[in-house]
There are 2 protein chains.
Amino acid sequence: MVVSIRDVATRAGVSVGTVSNVLNRPHEVSVESVDRVTKAIDALGYVRNDAARKLRAGVSTTVGFVVLDGQNPFYNEVVRGAEDEAARHGIAVLYGNTDEDLSREKVYIDLFEEQQVRGLLIAPYGDVTARLQRLKSRGIATVLVDRFSGDGRFSSVSVDSVVGGRMAVEHLIETGRRRIAFVGGPFDIRQVTDRLAGARVAVENATNTATLEVVATAAMTVDDGVAAGAKLLARPMHDWPDALFAANDLIALGLLQALAIDGRLIVPEDVAIIGFDDNAFAAAAAVPLSSIRQPSRMIGRTALRILLEEADDADSIARQTVFPPELVIRASTHPR
Amino acid sequence: MVVSIRDVATRAGVSVGTVSNVLNRPHEVSVESVDRVTKAIDALGYVRNDAARKLRAGVSTTVGFVVLDGQNPFYNEVVRGAEDEAARHGIAVLYGNTDEDLSREKVYIDLFEEQQVRGLLIAPYGDVTARLQRLKSRGIATVLVDRFSGDGRFSSVSVDSVVGGRMAVEHLIETGRRRIAFVGGPFDIRQVTDRLAGARVAVENATNTATLEVVATAAMTVDDGVAAGAKLLARPMHDWPDALFAANDLIALGLLQALAIDGRLIVPEDVAIIGFDDNAFAAAAAVPLSSIRQPSRMIGRTALRILLEEADDADSIARQTVFPPELVIRASTHPR
DNA sequence: ATCCGAATCTGAATCGATTCAGAGAGGTTT
DNA sequence: AAACCTCTCTGAATCGATTCAGATTCGGAT
């Protein structure tokens, strides 16, 4: 048995219009009516039908968040930041996880479009500009998260990954490391290539003879880090790098784990490791992990705030917000 | 500019009914019509209006998942399992994070009710039976995740936390520990009390003189673990327990971190630590963490499968699915 | 007594997809 | 040729909340 606004109106002895007004502009309704309607709603257990509301009003109080990797604590923190800000505006965040899968990414974007969300936050994997452009033409605002919008068509909130990559490798070089390996992938993820580009800059600017090699991983999980570690360990010892820059903390933790189990190489004595994100588990690692911190909650909060502004103001101009990364030094990169 | 089904019909030279049929029962429409309509849809960039669809048809192809703690990798794994299963049925999972906040829990349940999702998965924090009962009467199926439904009114998928708690403490006792502390909270979370109850059973059954004390935490995060560790470290050394059973891995990681920084007590020589969940970071911890593994993805997959079955069959009978926990022994509980 | 404006309420029209009774075309059986 | 199917299509009615032009009420001003 479904309770509709009509049932509430009958029970309260008013018209449907008045019930709707109680729900949406209570100040324009007499206190007595508000009271009667409220009582009727409670008595009947009425819940607004969001479909009807959206159909007629054309707006929604939810925003969507399409996340690249739901297992990654960094993105969870970003989502948390967005939720905090959303809650303050009486808005709910629904999110969908794409797991670096192009087709799922499309599915979720379409889903949120069908749902006519108020706006969409997205940490994109593939090239989604075409789809996002369509959302825009439909009046659904979009903000890119953790990804700079190269062509400036969309607002974005991110951290400068090139600078972060440079900071990481400069730190390694300053603490006396020479043979540096970048561990990460896949290379169609922008964050990966940016961090690597930063690393390259640092090596080129170095006054000493530091070298950089690249160890590719299939994805950015702990398991991929373990696998990369095993691959490196299969080499003769004299071929080993003396520092590893992991594309994110998950890979770094995997590397750490692989080395700890093997036992021949000690961190940081033989090998330094630095990660990226400074997620909640970096400090609790086998060897506390140096990392490049991203202000994750702040990214989420800011992205949501910009999203709401754009949703309310149709012809606002896209803007790029870039936060600085921050070097966090822990035991894993202590000098020998 | 919004493209409606009417525009598509006009462009394809058919009626709106035919367009709808192409979308929903293509086999009942001539191939020629399917073709014309498909072309028109592509040309116009038409996307179904989900609100109108839901309003009329009353069904939806999304399920909601209300999660207790979005930062916890364990729940992320469960969600991932649910998503995998959902994807196979062409269904999308939208989730909302309550962060152990009663009011947010209510908000999300109501939100999903308003949205008329196909079904709802929930890892509940407070007592939500009343609200869930209402969903049920509205025809929205509900499955509890990570929580046994005591009164059997709802289907549930969980791991036996009492058994898990017992396994953890039996393991500690078998490896020679005597003064055991349970670290966790708050005690209105069912999982916490169950795990503690299991621990009590193990201590009572022990042939030796093992003791159990309780160290309460405000929540179940790494930070709470660090705080609990600090509280314990403030005690005189002879008052220290020789084993810690943390209510989940996050707390355990926090404890490990607090002890490592302090440095006076070595894990596992002076203190053993065991966690619960066996999340992705347990193995990569400062000292690889023993834990009670829950089959997280399987929980998510199973919960979603049951949810869809119940959503399709209105008068199916609620059933409780309980998976066994599994003891995973790592360095943090090695005997002295 | 009449008029005015403000406050409040009413109820029909509306949003867009789905549904289904009924129509039309074309073929087969008797 | 009539009767009967089958296949396919049409278009009006429908879902429930919102909106807004118009109605009603009432205290105060003229």
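Visitor: Which helix holds Arg104(A)?
Guide: Arg104(A) sits in helix α6 of chain A, residues 102–114. Keep in mind that this is a predicted model.

Visitor: Why is Arg104(A) called partly exposed?
Guide: Count its C-beta neighbours inside 10 Å: there are 18. Buried takes 20 or more, and exposed takes 12 or fewer. The count of 18 falls in between, so Arg104(A) is partly exposed.

Visitor: Which residues does Arg104(A) contact, leaving aside neighbours within four places in sequence?
Guide: Thr98(A), Asp99(A) and Ala87(B). Contact here means C-beta atoms within 7 Å.

Visitor: How far is Arg104(A) from Ala52(A)?
Guide: They are 52 residues apart in sequence. In space, the separation is 28 Å, C-alpha to C-alpha.

Visitor: What makes Ala52(A) one of the residues around DNA strand D?
Guide: A residue is near a strand if its C-beta atom lies within 6 Å of it. There are 27 residues around DNA strand D, and Ala52(A) is among those that come nearest, with Ile5(A), Ser15(B), Gly17(B) and Ser33(B).

Visitor: Which elements each supply at least two residues of that surface near DNA strand D?
Guide: From chain A, α1 (5–12), α2 (16–24) and α4 (50–57). From chain B, α2 (16–24) and α4 (50–57). By class, the surface near DNA strand D has 11 nonpolar, 10 polar and six charged residues.

Visitor: Which residues come nearest to DNA strand C?
Guide: Ser15(A), Gly17(A), Ser33(A), Ile5(B) and Ala52(B), of 27 around it. Two or more residues each come from α2 and α4 of chain A, and from α1 (5–12), α2 and α4 of chain B.

Visitor: What does UniProt place at residues 3–57 of chain A?
Guide: The unreviewed UniProt entry gives "domain: HTH lacI-type" there. In the model, residues 3–57 of chain A are 71% helix and 0% strand, with end C-alpha atoms 20 Å apart.

Visitor: How many residues of chain A are in contact with chain B?
Guide: 43 residues of chain A touch 43 of chain B. On the chain A side, α4, α5 (73–88), β2 (92–97), α6 and α11 (249–262) give two or more residues each. The largest share, seven residues, comes from α6(A). By class, that side has 22 nonpolar, 10 polar and 11 charged residues.

Visitor: Why are β7 and β12 of chain A called edge strands?
Guide: The open sheet of six strands has the order β7-β6-β8-β9-β10-β12 (chain A), with mixed pairing. Strands β7 (211–216) and β12 (326–328) of chain A each pair on one side only. From one strand to the next, the twist averages 20°.

Visitor: How do you know that β6 and β8 of chain A pair?
Guide: Pairing needs at least two bridges. Four bridges join β6 (179–184) to β8 (243–246) in chain A, so the two strands pair; they run parallel. Ile180(A) stands opposite Ala243(A) in β8(A). Helix α9 (190–205) of chain A lies across β6, β7, β8 and β9 (272–277) of chain A, at about 170° to β6(A).

Key. Residues numbered from 1 in each chain as written. Chains lettered and ligands numbered in written order. Predicted model: local features only at pLDDT ≥ 70, side-chain atom pairs only at ≥ 80, totals over all residues. Nonpolar A, V, L, I, M, F, W, Y, C, P; charged D, E, K, R; others polar. Contact = placed C-beta atoms within 7 Å. UniProt positions renumbered as here; feature names shortened; annotations may be inferred. Axes fitted to C-alpha atoms, helices over the stretch in contact; angles between N-to-C directions.
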